[in-house]
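Please open the model in your viewer and keep a selection panel at hand. The stops below are arranged so that each selection leads to another.

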Amino acid sequence: MNRHFRRLLAAASAVAAVAIVTPTAVAAPETASSDVTITSRPTFKMPFECGQKWRGSNWNGHSPAHAIDWNHYDANGNPDDDGRRVFASAGGKVLASYYSTTSGYGNTIVIGHGDGWRTRYAHLKSRGVAKGDTVKVGQRIGRVGASSAIYNISPHLHYEQIHNGSVVVSVVQGVTWEDGLTRYQTSKNRC
Ligand SMILES: [Zn+2]
């Protein structure tokens, strides 16, 4: 077999392999992501001050799926999220800190935690860290806001846990935020 023909064969089998693998990957993204998450996920804490109680919602139709919107209310039940401090859910490195003009995220921070794990914080009023910064768990990274280039929204924190590029069902302080779940949770970050 000459070298040229061998190269052609290699190219052909690479194409075949991709064609076989792709349907499986598309068919089972959700099962795959929740299977993988159990062993290697960092211990994520709520991204808020110790003792603060926030209402989280992984609501149906949320984009992207599995993300949590966090809201805070005063004693009378009125929203008082605006300007509240946001803290890193776990330690890591800031991979992105930007205002998105092409998505609904507005002011956005993405932190990398290793092993393919990331957290994203969106609609921020202000950003306190820059790309390349190292952050510890509980370090302040910004403030809650309603920034968005696309949507007219009320202040809240949009929060995602991402594994290998896919947003997955979040686990926060041991609570699994299944799709459709809305509940209150109290922060143990910075305690
Ligand atoms: Zn959201």
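**Before selecting anything.** The model is predicted, so local features are described here only at pLDDT of at least 70 and side-chain atom pairs count only at pLDDT 80 or more, whereas totals for chains, interfaces and linings use all residues. Residues are numbered from 1 along each chain as its sequence is written.

**The whole chain.** Colour by secondary structure, and the protein chain shows two helices and 14 strands, where helices (H or I, at least four residues) and strands (E, at least two) are DSSP runs numbered from the N terminus. Of its 191 residues, 31% count as buried; a residue is buried if 20 or more other C-beta atoms lie within 10 Å of its own, exposed if 12 or fewer, and partly exposed in between, with C-beta atoms placed from the backbone. Among contacts with a separation of 6 or more, 63% come from residues 24 or more positions apart, a contact being two residues whose C-beta atoms, placed from the backbone, lie within 7 Å.

**The largest nonpolar core.** Select Val-86, Tyr-121 and Ile-141, which touch the most other members of this 28-residue core; a nonpolar core is a set of buried Ala, Val, Leu, Ile, Met, Phe, Trp, Tyr and Cys residues joined through C-beta atoms within 7 Å. Two or more residues each are given to this core by strands S2 (68-71), S3 (85-87), S5 (107-114), S6 (117-124) and S10 (157-163). Staying on Ile-141 and leaving aside neighbours within four places in sequence, you will find contacts that include Val-86, Phe-87, Ile-109, Tyr-121 and Val-135.

**A three-stranded sheet.** Next, select the open sheet with strand order S3-S9-S7, in which the pairing is antiparallel; two strands pair if DSSP finds at least two bridges between them. Its edge strands are S3 and S7 (126-127), each of which pairs on one side only. S7 is joined to S9 (residues 140-143) by two bridges, and the bridge partner of Arg-127 in S9 is Gly-142.

Move to Gly-112 in strand S5, which counts as partly exposed because 15 C-beta neighbours lie inside 10 Å. Not counting residues up to four places away in sequence, Gly-112 touches Gly-92, Lys-93, Leu-95 and Arg-118. A C-alpha to C-alpha distance of 9.9 Å separates Gly-112 from His-163, although the two are 51 residues apart in sequence. Then select Asp-115 in the loop between S5 and S6, where phi is near 55°, a positive value in a residue other than glycine. Asp-115 is exposed, because it has 12 other C-beta atoms within 10 Å.

**A cis peptide bond.** Display the backbone at Ser-63 and Pro-64, which are joined by a cis peptide bond with omega about -5°. Pro-64 belongs to the loop between strand S1 (53-57) and S2.

**Glu-49 and Arg-190.** Which residues does Glu-49 touch, not counting those up to four places away in sequence? They are Arg-85, Ser-187 and Arg-190. Glu-49 lies in the loop between helix H2 (29-40) and S1, while Arg-190 is in the segment after strand S14 (182-186). The two are 141 residues apart in sequence, yet 6.3 Å apart in space, C-alpha to C-alpha. Arg-190 also has a positive phi, near 65°, in a residue other than glycine, and counts as partly exposed because it has 17 C-beta neighbours inside 10 Å.
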